[in-house]
Amino acid sequence: GAPNVSTAAAVREQHGHDESMHDCAPPDAVVWPQAVEQVQELAALCHRCRVPMVPFGTGTGLEGGVNAVQGGVCFNLSRMNAITELSLEDFSVMVEPGVTRKALNNHLRGTGLWFPVGTVSTGEQQRRARDGGTGGAGG
């Protein structure tokens with residue numbers, strides 16, 4: 001519905017670039033899924049219609065990965081921000097892709113664990129978050 005989909009030019013422009021040197025390449029639409037099932041349904045629809053999908057976290061990447069060079073639908077994952085599992089025994093945490101490092105560290109406060117900057121590469125962090133979670137330990 002309307003609060004979860006936008007084709008407004010300003011919103012599309014915001015989602016068409018990151019911190020890289022690349023020019024803005026806005027998507028045709030931006031969606032804000034809030035559950036894995038919604039992502040699956042949207043991905044299936046995009047696949048069926050042969051529409052490119054572009055994931056978007058916070059737009060701070062340095063590689064131009066959010067640039068929709070062939071248009072398509074931008075999946076803004078910021079509303080999928082639950083921390084679903086924490087295991088202090090094996091120093092792991094399961095998060096949804098919209099969890100930021102700051103939110104994760106607030107959640108970890110008092111456990112002796114933290115997720116430092118630069119623990120994994122941006123691409124690896126995005127892959128791990130997309131595939132089920134990232135985690136950090138330290139002490």
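**Terms and criteria**

Analyst: The protein chain has four helices and six strands. This is a predicted model, in which local features need pLDDT of at least 70, side-chain atom pairs count only at pLDDT 80 or more, and totals for chains, interfaces and linings use all residues. Residues are numbered from 1 along each chain as its sequence is written, and side-chain values use heavy atoms, with hydrogens and water left out.

User: Why are strand 2 and strand 4 called paired?

Analyst: Two strands pair if DSSP finds at least two bridges between them. Strand 2 (residues 29-31) and strand 4 (residues 73-76) have three bridges, in the parallel sense, and therefore pair. Valine 31 has phenylalanine 75 in strand 4 as its bridge partner.

User: How is helix 2 placed against the sheet?

Analyst: Helix 2 (residues 36-49) packs on the sheet and touches strand 2, strand 3 and strand 4, where contact means heavy atoms within 4.5 Å. The direction of helix 2 makes about 170 degrees with that of strand 4; axes are lines fitted to C-alpha atoms, for helices over the stretch in contact, and angles run from 0 to 180 degrees between N-to-C directions.

User: What share of the protein chain is buried?

Analyst: Buried residues (under 20% relative accessible area, 1.4 Å probe, protein chains only) make up 32% of the 139 residues.

Conventions. Helix = DSSP H or I, 4+ residues; strand = E, 2+ residues; numbered from the N terminus. Buried < 20%, exposed > 50% of the residue type's maximum accessible area, 1.4 Å probe, protein only.
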